[in-house]
Structures are given as structure tokens and as C-alpha cells.
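This report goes through a few local features of one protein model. Please keep the sequence and the 3D view open while reading.

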Amino acid sequence: MDQTTTKKDLLSLLPEELCALILSLGEPKYRAEQMFSPMHHGISPEEMTNIGKALKGKLSEVSYYFLPTVRRKLVSAIDGTVKYLFSLRDGNCVESVVMKYKHGNTICISSQVGCRMGCTFCASTIGGKVRDLLPSEMLGQIIAAERDMGERISNIVMMGIGEPLDNYDNVIRFLTLVGHEKGLNIGYRHISLSTCGLVSGIDKLARENFPITLSISLHASDNETRSAIMPVNKKWSIEELLAACRRYYGVTGRRISFEYTLIAGKNDSPEAASNLARLLNSALRSPKDSATFPIHVNLIPVNPVTETDFSASDQAAIDRFAAILEKKGIRATVRRRLGSDINASCGQLRRAEEQKDT
Ligand code: SAH
């Protein structure tokens, strides 16, 4: 058996688990407290000056500390958006994107190597799922990007490669760690999690008490269209998904945003827009609380993926779609396309790299 697989992954440990490990090595508990914060800011135990050689030796026998390494980096000449292809410890790679806004840097992180959800317009799912990411590998994308850029990241969107709710336990542990005051300490209100609509996961997440923003990838306003582009819809229909959103809001009081990718000729007609407004209003707003359920739809012109033949809606269709939603009381924004000059849409950089290797 590979020795390394049995070693403990230090950056995935909760503070109390790190304590238990340190105690089991015959060292005092405060050593764990000394190590936790530096590790979460990119300093390996080996590099720490506040712990001795003996502990470093013992730690390296039973555990490892690893940060993703930059395999490729693309910087947008237009707006400074940075796209990373990171190598993981086993040689797999994932993508992260850092977007620079006035209110701070936002990172879009991956949650799996590949994806098994099968959305037809998405590059991340073409080769299927290779494996789940560990909590340390989600944290590692943020730490490695901060180190590389020399800048702090203040917002996280879980919208990179993978379906976060299909890697539930690791994502929950990641959220616990990333918000820890001795760790990266990123506020939950600055974190969004995007899902293609795993209803069981949404219900579980509602009970976890993380005040994060939930994003739902809806992309269609009728079940026939949605099932054709998003296989997950065959398991949970739009109605079941929206009912889960309503429950989520009921439990958490947190706003939910909807992502709607506009694909020319598939889901961008005025009828689709009216349908969407009717659907969201009737599923989420009863006459009693019509003003209170905040509905926000992000319209995203589809990013053409080499292997598919979808093309983006034209500006007139996008504007028309947004206007219909607004008229029916739904806030709609068209996603600004940052890094358009480097924008191999999510998952494409990793695919290109893998094809190079084979
Ligand atoms: N699995 C999660 C998160 C990853 S995808 C989810 O489905 O939400 C992040 C967002 O990008 C989703 O809304 C997804 O549907 C969208 N997306 C994927 N491929 C796209 C493409 N080619 N063009 C535009 N948006 C895309």
C-alpha cells in the first residue's frame, strides 16, 4: 500500500482533530494552536520557526501538508482576471479564477476533478468525474492564489469545476475551515455555492447554518428543455427544485440567486422568459409575501465549448429576456464577462491540458 495515502492531510483537519494528532505524538496541545493559523496562510510545518525539529520529524512520518502548484496561469490584459490551472498532489489538475472587483478579489474555486452531472453545455463534465476534492484542496486553491498574487481574497464562489453538493462532506468541512477565525476567516456572507439542483443536498445544507448565498443553475423554464440539457432534472423536476429553494429560504432567510445560461434558439425566447417569471413567482412568492422573497436571476450568455455546438444568444435576445423578467418583478442582471480574452469557459483549460498529455 502506498505509504502516502495513509498519511493525515493536515490542512483538512479541524482544530480539535489537529489537537488530537499533536497529543498522540506526545506533544502539548498548544503546538496545534501554534500551527493552525500559519498552515491556513500557506506556511508548511516544515517552514515554521515556532515548532522544533523533533515535532517536524514526527509530523512528516504521519502527515503531509500540500498546496496546489501553479501549472498554468493566464492573466487578462483587459481587466486583470487571473485564471489558474493548479496541479494537485496526485498530478490531477483543477481550475480557479480570480476576478478583481472594486469591493475586493473574488475567487471561483473547483470542488471536484471533473464532474458527473452531465450538463450538455458544460466543458467540466465531458470526461466525467475523476474524484472529489479534499477540503485542503479547496482551501489550497485560495491560499495558493493569494500567495501567487500577493493579494488577499475576500470572496469565494463555488462555481468552478464540479458539483459541490455531490462532494457534500468535504464541502461542509471546507466551509467550516475557511470561515474559522484562526484560518482564512472569510465571512459566510462572502461565499456563494452554486448547484445544478441536487434537492437532497439543498435540504441538508439548509440545516447546516452557514449563512452563505445559494446559487441555483436553472437554465430552463420548462422540464422538457431542462431535462434535455441538464440530466439532473430527470431526478428532480423544476417544481421539486423550486420547492427546495423555498424551504431553504424558510430555514435560512438567505437569498437565493438563479443562474440562467442563454443558449441561442434553445432557452432564450420571450415565451421562455415569461414562463420563467411565472414559474419563479408562483413557486416562491405567495400573495402574502410577494415582496419578501428576493428573486435575482443572473443571465449568462453561454460560453461556447469546443465539443458542443451551442452558441450564445445575441444582445437583442438577452435584453428582451431581461426586460420581460424585470417587468414581472424579477431582478435580472446580465453577467459581466470578465477575462473574456482568457476565457476558455470553465473546465476547458483542464481538458486542453489533459489532451496534451495523452
Ligand atoms: N455544478 C455547479 C457549479 C459549477 S458550474 C452548478 O451547476 O451550478 C458554474 C456555473 O457555470 C453553472 O451555472 C453552470 O451551469 C455554468 N456553466 C457551465 N458551462 C457553461 C458554459 N459553457 N457557458 C455558460 N455557463 C456555463
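A residue is called buried when its relative accessible area is under 20%, exposed when that area is over 50%, and partly exposed in between, using a 1.4 Å probe and protein chains only. The model is a predicted one, so local features need pLDDT of at least 70 and side-chain atom pairs count only at pLDDT 80 or more, while totals for chains, interfaces and linings use all residues. Residues are numbered from 1 along each chain as its sequence is written, and side-chain values use heavy atoms, with hydrogens and water left out.

**Helix α1**

Helices (H or I, at least four residues) and strands (E, at least two) are DSSP runs, numbered from the N terminus. Helix α1 covers residues 15-24, and its residues Leu18, Cys19, Leu21 and Ile22 are buried. These residues are on the same side of α1, because they cover an arc of only 165° around the axis. The arc is that of the directions from the helix axis to the C-beta atoms. Glu16 and Ser24, on the other side of α1, are exposed.

What do the buried residues of α1 pack against? Their partners are β1 (8-9), α2 (30-40), α3 (53-62) and β2 (63-64), where contact means heavy atoms within 4.5 Å. After α1 comes Gly26, and its phi is positive, near 80°.

**Aromatic pairs**

Rings of Phe, Tyr and Trp (its six-membered ring) pair if their centres lie within 6.5 Å; planes under 30 degrees apart count as stacked, over 60 as edge-to-face and the rest as tilted. Three aromatic pairs turn up in a search of the whole structure. One of them is formed by Tyr188 and Phe210: the ring centres are 5.0 Å apart and the planes are at 50°, so the pair is tilted. This pair links distant parts of the chain, 22 residues apart. Tyr188 is in the loop between α5 (168-178) and β10 (191-195), and Phe210 is in the loop between α6 (199-206) and β11 (213-217). Tyr188 and Phe210 are both buried.

Tyr260 and Phe321 form another tilted aromatic pair, with 4.9 Å from centre to centre and 40° between the planes. Here too the pair links distant parts of the chain: Tyr260 belongs to strand β12 (residues 256-262) and Phe321 to helix α11 (residues 315-327), 61 residues apart. Tyr260 counts as buried because its relative accessible area is 0%. Phe321 is buried as well, at 1% relative accessibility.

**Charges over rings**

A charge sits over a ring if NZ of Lys or CZ of Arg is within 6 Å of the ring centre and within 35 degrees of the ring normal. Arg89 lies over the face of Tyr64, 3.4 Å from the ring centre. Lys204 has its charged end over the ring of Tyr168, at 4.2 Å from the centre of that ring.

**Around the ligand**

Which residues are closest to the ligand? They are Phe121, Ser194, Ser217, His219 and Asn303, and 18 residues surround the ligand in total. A residue is near a molecule if one of its heavy atoms lies within 4 Å of it.

| Ligand atom | Polar backbone atom of | Distance |
|---|---|---|
| nitrogen | Phe121 | 3.0 Å |
| oxygen | Thr195 | 3.4 Å |
| oxygen | Cys196 | 3.4 Å |

Ser217 is placed in strand β11. With a relative accessible area of 11%, Ser217 is buried. Leaving out residues up to four places away in sequence, Ser217 touches Ser194, Thr195, Cys196, Arg226, Met230 and Glu259.

Ser194 has its place in strand β10 and counts as buried at 9% relative accessibility. Among the residues that Ser194 touches, not counting those up to four places away in sequence, are Met158, Met159, Glu163 and Pro164. Ser194 is 63 residues from Ser257 in sequence, yet the two are 9.0 Å apart in space, C-alpha to C-alpha.

**Positive phi in two asparagines**

Asn185 is a residue other than glycine with a positive phi, near 55°. Its place is the loop between α5 and β10. Is Asn185 buried, partly exposed or exposed? Asn185 is partly exposed, because its relative accessible area is 41%.

Asn209, in the loop between α6 and β11, also has a positive phi, of about 70°, although it is not a glycine. At 69% relative accessibility, Asn209 counts as exposed.

How values were computed
A polar contact is a pair of N or O atoms within 3.5 Å; within protein, one must be able to donate a hydrogen and the other to accept it, and residues adjacent in sequence count only if both atoms are side-chain atoms.
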